[in-house]
Amino acid sequence: MGGWSPYVRGETTETRGCRDRRSSFAAPGYAHTKFLKSQGSGVLQPGDIMYFGREGFGPTHVALYLGNGKMVEAPQSGAKIQVNDISARWDRYQGAFRPHADVTPMVWSWDGRGGFHKTWGQPNLRQDSNTSSRINFTNGNGISVKVRVLCQRVGERATLDGMVNNVWSFLPDYHSWVSNLFVQGPAVLKDVPSCGDYPEIGGTLAGAENNTSCGDGTEPNSAGAWTAKSTTVFGRTVELRYNSTTQCAWGRIVGGAPGDEIWVDRSADGGNTWSPMLGFTTITSGNDAYTTQWNDAGLVMRACGTNGPGGAIECTGWF
């Protein structure tokens with residue numbers, strides 16, 4: 001811990017040369033990085049010193065962060081040291097410090113390189129670029145934080161709320177990976193190099209162009225798409241189009257006339273219940289029209305069409 005050794009004494013703490021930190025949790029000369037509650041838990045690393053207290057008052061309790069939402073503490077005066085979830089005290093969390101270390105950790109090997117991006121949602125920062133690898137850190141409170149991104153590479157395809165992405169970013173300050181689903185910006189971050197530029201990390205962006213995003217309500221990606229199901233309504237062909245790469249589907253009506261309608265339904269229980277009329281649109285000119293695309297990974301969808309408002313409705317089978 002680099003010469004800074006906090007310990008609990010009832011509800012106060014002592015530090016070398018700095019006693020009773022009720023009024024402030026600054027530790028000049030000992031701590032070099034300060035974190036605020038507004039940054040959430042995603043910035044914390046094992047060994048960080050967390051401070052707790054009532055709002056409007058200085059810290060009255062200290063704990064040592066262990067990683068993965070755990071901390072070590074003496075929860076009250078006279079109690080034994082124990083490991084607890086940080087969520088148990090989150091309402092009183094005020095901030096944290098990262099003490100000096102005697103050696104330079106490898107996470108600073110790329111100091112000064114990379115660019116900063118903001119997260120969103122509740123990302124897990126993982127040991128590798130796949131969802132089965134170990135979770136090193138997590139931001140479970142949904143607060144956006146700024147992270148330094150060194151490079152990106154194609155990894156496992158991840159899915160969230162109708163979006164799909166196979167690109168992952170390396171965060172050198174955590175020595176961890178995060179799916180680009182949780183980084184604000186396009187599927188492939190602009191001006192962030194391939195991790196192939198860093199041989200000690202490795203990986204490329206090959207295959208990212210096939211990818212990636214199947215955002216609900218977005219323009220269909222027709223490259224390699226095929227008709228999974230079809231039916232007819234008064235001479236019109238109603239199709240459920242599907243892209244195996246993105247696992248997105250959309251509806252198309254062919255051979256119709258202006259006013260004909262097309263939409264898709266989506267079900268999470270095999271078609272017993274469904275979200276109706278997604279991407280509803282009509283033919284405005286010509287003889288065909290198509291809906292926006294919708295995520296079909298782990299779900300089933302069908303396309304439905306009519307021969308104009310108030311006309312007959314026909315739906316394809318579920319796929």
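Predicted model: local features only at pLDDT ≥ 70, side-chain atom pairs only at ≥ 80, totals over all residues.

User: OK, and how does strand 25 pair with strand 24, in what sense and over how many bridges?

Analyst: Strand 24 and strand 25, the latter covering residues 313-315, run antiparallel to each other and pair over three bridges. Strands here are DSSP runs of E with at least two residues, numbered from the N terminus, and two of them pair if DSSP finds at least two bridges between them.

User: What do strand 24 and strand 25 form together?

Analyst: Together they make a hairpin with six residues between the two strands, and glycine 308, which sits in the turn, has a positive phi of about 100°.

User: Which other strand pairs with strand 24?

Analyst: Strand 20, made of residues 261-267, pairs with strand 24 in the antiparallel sense over seven bridges.

User: Is strand 24 mostly covered or exposed?

Analyst: Strand 24, residues 300-306, is mostly covered, since six of its seven residues are buried (under 20% relative accessible area, with exposed meaning over 50% and partly exposed in between, for a 1.4 Å probe and protein chains only).

User: Let's switch to the inside. Which residues have the most contacts inside the largest nonpolar core?

Analyst: They are Met50, Leu171 and Tyr174, in a core of 25 residues; such a core is a set of buried Ala, Val, Leu, Ile, Met, Phe, Trp, Tyr and Cys residues joined through side-chain atoms within 4.5 Å. The elements that give two or more residues to this core are strand 5 (49-52), strand 6 (61-67), strand 9 (93-99) and strand 13. There is also a second, separate core of 15 residues, which includes Val233, Ile283, Trp294 and Ala303.

User: What is leucine 171 in contact with?

Analyst: If we leave aside its neighbours within four places in sequence, leucine 171 is in contact (heavy atoms within 4.5 Å) with Leu125, Val147, Arg148, Val149, Ser176 and Val178.

User: New topic: where is valine 254 found?

Analyst: Valine 254 is found in strand 19, which covers residues 248-254, and this residue is partly exposed, with a relative accessible area of 31%. Although threonine 237 is 17 residues away along the chain, its C-alpha atom and that of valine 254 are separated by 5.1 Å. Beyond the neighbours within four places in sequence, valine 254 is in contact with Arg236, Thr237, Glu239, Asn287 and Asp288.

User: You mentioned a positive phi in a glycine. What is the phi of asparagine 68?

Analyst: Asparagine 68 has a phi near 55°, which is a positive value in a residue other than glycine. This asparagine is found in the loop between strand 6 and strand 7, the latter being residues 70-73, and with a relative accessible area of 44% asparagine 68 is partly exposed.

User: And what about histidine 175 and its phi?

Analyst: Histidine 175 is not a glycine either, and yet its phi is positive, at about 50°. Histidine 175 is found in the loop that lies between strand 15 (163-171) and strand 16 (176-179).

Key:
Residues numbered from 1 in each chain as written. Heavy atoms only, no water. Helix = DSSP H or I, 4+ residues; strand = E, 2+ residues; numbered from the N terminus.
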